[in-house]
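This report covers the confidence of the model, the contact between its chains and the nonpolar cores.

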Amino acid sequence: MFNNLDLTLVNWSRLQFAVTAMYHWLFVPLTLGLSFIIAFMETLYYRTGDKKWKIITKYWMRIFGINFAIGVATGLILEFQFGTNWSNYSWFVGDIFGAPLAIEGIMAFFMESTFIAVMFFGWNKVSKGFHLTSTWLTAIGSNLSAVWILVANAWMQNPIGMNFNPDMARNEMTNFWDIFLSQTAVDKFMHTTMSSYVLASIFVIGVSSWYLIKKREQLLARRSIMIGSIFGLIATIFTIQTGDSSARDVYKVQPMKFAVMEGHFSGSAASPLIIMGFMGETKTAFIDPAIHVTPKSPVKYSIEVPGLLSLMTTYKLNSYIPGINDYLFGNKAHGIISTEEKIRRGYEAQQKLLAYKKAISTNSPAADSLSTYFKNKAWLANTFKYFGYGSYYHTDNTILKANITKVVPPIAMVFYSFHIMVALGLWFLLLFLVMLYLVFKNKFEHQKFWLYASLWSIPLAYIASEIGWIVNEVGRQPWTIQDLMTCEQSVTNLDSSSVITTCLLFGIIFTVLLVAEVTIILKQISKGTKEGGN
Amino acid sequence: MRDIKKSPINKILHLYLDGFRNMPRWAKLLWLIILFKLLFMFGIMQPIFFNKTLSNKYQTNQERVEHVISDWTSH
């Protein structure tokens with residue numbers, strides 16, 4: 001992949017957004033999850049009056065505060081990029097993005113900032129009840145802040161609840177609840193927050209395990225492992241459930257992404273689920289199903305479970321699950337339109353819009369009849385829906401046919417990211433079960449393997465968290481807005497050197513700062529509670 | 001006479017001032033890093049590199065619409 005990296009403006013803009021988003025995502029999950037873990041611990045202090053819980057709560061609050069501070073401002077650069085690097089996209093999404101992001105900002109500022117101050121500064125100054133309430137409101141506030149950006153992202157994957165205004169070339173929200181409560185938005189919010197709770201739990205258990213290995217802070221470690229294991233186990237179960245639900249939604253609204261992440265090239269009834277395999281050369285795997293009945297899959301040494309993909313996707317063991325080739329070349333028997341057909345329809349939609357704009361500018365009477373297309377539900381559902389595909393149109397049929405593969409996202413990256421993420425999720429489930437058993441039986445003495453496994457699961461949790469976003473965002477390529485707008489159409493025509501400069505500047509400065517900040521957090525972990533945790 | 005010291009606003013201010021004053025050294029260092037990041041973002045990155053948006057590149061919505069449609073329908 002890196003040998004063929006095309007150093008164009010679009011790809012540098014993509015790279016910059018990906019790197020800055022992944023940097024931002026290093027800190028958010030721990031904030032979301034640790035805020036609740038602290039709230040649980042302080043509740044136990046409040047209910048039992050046991051001062052040791054207060055010491056433990058204040059310790060994790062310190063770690064939370066450092067992580068929160070490190071994460072501050074990392075999201076700002078994403079907002080800057082929307083307006084400058086992706087201006088066409090920002091214009092096109094209209095108030096679909098504007099309202100959620102505004103609410104996110106307001107909520108974050110008022111709720112989190114206010115109650116975080118009480119949480120940190122209010123010990124022994126406010127009542128125990130008010131302090132506890134502030135801690136809970138900090139947790140709830142930070143999680144609610146995340147809702148809005150996730151709703152906006154869900155709309156990118158499944159654009160619904162809006163009308164396109166051809167005069168302004170932007171989308172106008174028609175139904176807030178359609179957007180806010182779409183299956184895509186609900187699955188995305190639940191899966192993202194649950195997986196964040198998993199990461200935070202792994203972090204708590206991992207750090208606590210380190211203390212047990214060093215035979216330090218034993219009480220803090222055991223109690224933290226107990227809370228972390230219970231919270232982590234529940235969160236993992238919900239992460240698995242929401243991931244499963246999310247995959248079924250992706251099958252409906254982003255079928256190409258689904259086929260790619262499952263490594264499913266050729267459609268079949270009773271489709272097998274690939275547990276793992278090695279992705280070989282994929283370009284030669286794009287074969288029209290009408291020509292060859294069962295082309296060889298490029299997934300080598302695969303471990304498969306017959307029928308399981310069909311069962312998990314549609315709850316029917318023998319259902320036909322289309323593959324990448326069905327979506328590329330079409331499958332009339334199963335009602336699947338070919339990509340070539342989508343390109344032609346998208347081009348037709350583009351020509352209608354251009355004709356309408358020309359009619360308006362020349363005061364032509366044709367403007368009225370052309371405008372009716374953008375209110376016609378059937379035309380919108382069958383033609384306008386593929387607007388973005390039109391950019392792959394070419395008058396030369398050979399080139400047009402060759403362009404169909406441009407709607408396939410990077411297969412190996414998405415396939416491996418998805419499968420590794422799932423494997424890690426199952427590992428975390430096992431880890432939480434074992435650690436919960438060990439803490440209740442108080443059996444850590446001869447369990448060095450599990451203590452080290454917990455410690456080394458911290459980076460694994462971060463990897464799982466980041467590659468989940470790779471599945472989501474690389475899997476939707478080439479689209480910024482599914483089927484309506486490609487990355488090439490979305491990007492601002494800037495000088496590549498400007499994008500490269502900001503990419504490098506951000507990379508260098510924030511990496512240096514990250515090293516400084518991580519040093520601070522590691523120092524605080526090594527100091528422990530100072531007041532003694534035994 | 002109203003006791004100013006006990007007014008709610010005063011209490012809130014005192015909470016923040018006292019909190020910041022009594023922060024440990026490493027927390028003050030973190031705050032310095034935060035301020036540096038915000039200065040870097042708003043003082044350098046945004047005004048120099050992220051200042052060209054459709055809003056300031058074009059004067060009217062008509063121009064912005066034409067630009068977006070032109071890019072959106074290009075091949």
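## Confidence, contact and cores

Chain B of this predicted model has a mean pLDDT of 84, with 92% of its residues at 70 or more. Within chain B, the lowest confidence is found in helix α3 (residues 54-57), where the mean is 83, and the highest in helix α4 (residues 61-72), where it is 91. Where pLDDT is low, predicted coordinates should not be read in detail. For the model, ipTM is 0.87 and pTM is 0.93.

The contact between the chains draws 38 residues from chain A and 30 residues from chain B. On the chain A side, at least two residues come from each of α3 (51-71), α4 (76-84), α5 (87-93), α6 (95-121), α14 (339-361) and α21 (496-527). The most is given by α21(A), with nine residues. The table divides the residues of chain A that touch chain B by class.

| Class on the chain A side | Count |
|---|---|
| Nonpolar | 22 residues |
| Polar | 13 residues |

Turning to the cores, the largest nonpolar one has 123 residues. Helix α9 (residues 183-213) of chain A supplies its largest share, 14 residues. A:I37, A:W60 and A:V260 have the most contacts inside this core. Leaving out residues up to four places away in sequence, A:W60 touches A:L34, A:I37, A:I38 and A:M41.

A second, separate core has seven residues. Among them are A:Y23 from chain A and B:M45, B:F49 and B:F50 from chain B.

Definitions and conventions. Residues are numbered from 1 along each chain as its sequence is written. Chains are lettered from A and ligands numbered from 1 in the order in which they are written. This is a predicted model: local features need pLDDT of at least 70, side-chain atom pairs count only at pLDDT 80 or more; totals for chains, interfaces and linings use all residues. Two residues are in contact if their C-beta atoms, placed from the backbone, lie within 7 Å. Helices (H or I, at least four residues) and strands (E, at least two) are DSSP runs, numbered from the N terminus. Ala, Val, Leu, Ile, Met, Phe, Trp, Tyr, Cys and Pro count as nonpolar, Asp, Glu, Lys and Arg as charged, and the others, Gly among them, as polar. pLDDT is the predictor's confidence in each residue, from 0 to 100. A nonpolar core is a set of buried Ala, Val, Leu, Ile, Met, Phe, Trp, Tyr and Cys residues joined through C-beta atoms within 7 Å. A residue is buried if 20 or more other C-beta atoms lie within 10 Å of its own, exposed if 12 or fewer, and partly exposed in between; C-beta atoms are placed from the backbone.
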